[in-house]
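Take a look at the structure first, and then we can walk through it together.

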Amino acid sequence: MKIRNIQSYNLGHLFGSLLLLTALLSCEDFLEVDPPIDQLTGTVVFEDAATVDAALAHIYAELRENSLVAGTSNGLGYMMGHYTDELDLYSLNLPDVDNVAQNSVLPSDNTVRNLWNSSYNIIYAANRILEGVESSTGLSEMEKDRFLGEAHFIRSFLHFHLVNLFGPVPYVNTTDYDTNNEVSRTDTDRVYQNILEDLNTAKALLPLSNGGVERLRPDHWTAAALLSRVHLYMEDWEKALDEATYVIANGGFALSPDLNGVFLKESPETLWQLGPNLSGDNTNEGFTYIIVSGPPPNSALSQRLLDSFEEGDARSTAWVGSVSEGEEVWYFNKKYKEFAPTAVTRECSVQFRLAELYLIRAESHARLGNPTQALANINALRARANLDPLSIMDQASLLDAVLTERRVELFLEQGHRFFDLKRTVRANAVLGAFKSGWESTDRLLPIPESELLLNPKLQPQNEGY
């Protein structure tokens, strides 16, 4: 595991942070967290802003390297790209990925266990920060607000992904060992209400800017962006529209006029991105998706994804690369251009960008019966892609246009394709039409078998497993 470079802390601060981070993130499973042995360590750590910052920095490093939003082959972009119709698998040495691609995931698979455990480990760490900062007497109110806001955001961000992958999940909001050892699954509606509560708290506490021009920490606008997404998934179109418009109109972001600049470190449309381990490092996404030479060592873009681009769509040139061997050609995700380290970091792992807010606003307007406004948002992205604007159409066609635009704009980003098919009740029709292993129950992943054995209160298992 790569550890985020922390150059600005003295040895005392670093030693204190490492003690905390060991307590926060070394556990193999959130249900197996031992009761704290030394309460003093936590107390000391939370009296100093530098050590709390170090703990949060470690959380972001874990998100980048070992979480469901990581740009690695264990992350949602890659896994759900195979689960749906964005990627084809060429390797014979990736049985877990093959299970995902064949929609034959089992409760015993490493895939589901890693998605579950990595998320709850980080949630535990966020809860530890919430509890420690709340009781701290050494931090200023401004420092407390920022730390609490980030921790509330992280907790909601991970629970949002978990509930969409697994359905009813425990909403864990404490580090208490006895409580966590007997958690049960929370009704989906209650999970969403908890997410909203955390996000509204984060939005109120976080500063307007929390990472300079590089946006390496979630801030007020990031919380508003996730609120917009959550309201969209909850089909609360008015609130989704309000939050998206709030960010677009007031956040100071802008669509990058150059498609090749969208994923650069200084992109004007990035709301939040995960920074590198070391200066000069680039993204796991670049390493995961770029194919240096044919044939593909692991995966390549599916023909179904390639066919979804309209003729002349500049995204199919800027964001799709190719390699060949003889007469055979394979295509790969080229949103991130850097495969290896460079003299200075050029790209970071983008988690939220302004284009998604335009798409949320377009869909919300379409569902509210405002076709002119919906088209204005779609056409803003089409213009950047050198496509002709769409004209007024009926509501069903307009919603189809929005979802098509989401497909080509957000492909292989954090599982958007799967979540879109699922929330619009199109997964069976789209995926069942060509994936022989697809069943309607595949809209949810199984609860990891190891978790059910540890805690029977997590029963019942999801249907179909």
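How many nonpolar, polar and charged residues are in the lining of the largest cavity, by class? The lining has 9 nonpolar, 4 polar and 2 charged residues, where Ala, Val, Leu, Ile, Met, Phe, Trp, Tyr, Cys and Pro count as nonpolar, Asp, Glu, Lys and Arg as charged, and the others, Gly among them, as polar. This is a predicted model, in which local features need pLDDT of at least 70, side-chain atom pairs count only at pLDDT 80 or more, and totals for chains, interfaces and linings use all residues. Residues are numbered from 1 along each chain as its sequence is written, and side-chain values use heavy atoms, leaving out hydrogens and water.

**Cavities**
- On a 1 Å grid over the protein atoms alone, a cavity is a set of points where a 1.4 Å probe fits but cannot get out, and lining residues have an atom within 4 Å of a point.
- The count comes to 5 cavities of 30 Å³ or more, and the largest cavity has a volume of about 110 Å³, meaning the space filled by probe spheres set on the points, with grid points joined across faces, edges and corners.
- Of its 15 lining residues, Gly77, Glu285, Leu412, Glu413 and Gln414 are the closest to the centre of the largest cavity.
- Helix α4 gives the most to this lining, with 3 residues.

**Second largest pocket**
- A pocket is an open set with protein on both sides within 12 Å along at least five of seven lines, and the second largest pocket holds about 360 Å³ of space.
- Among its 19 lining residues, Asn164, Tyr192, Tyr233, Lys422 and Arg423 are the closest to its centre.
- The largest share of this lining, 3 residues, comes from α9; helices are DSSP runs (H or I, at least four residues), numbered from the N terminus.
- The lining of this pocket divides into 8 nonpolar, 4 polar and 7 charged residues.

Definitions and conventions
Helices (H or I, at least four residues) and strands (E, at least two) are DSSP runs, numbered from the N terminus.
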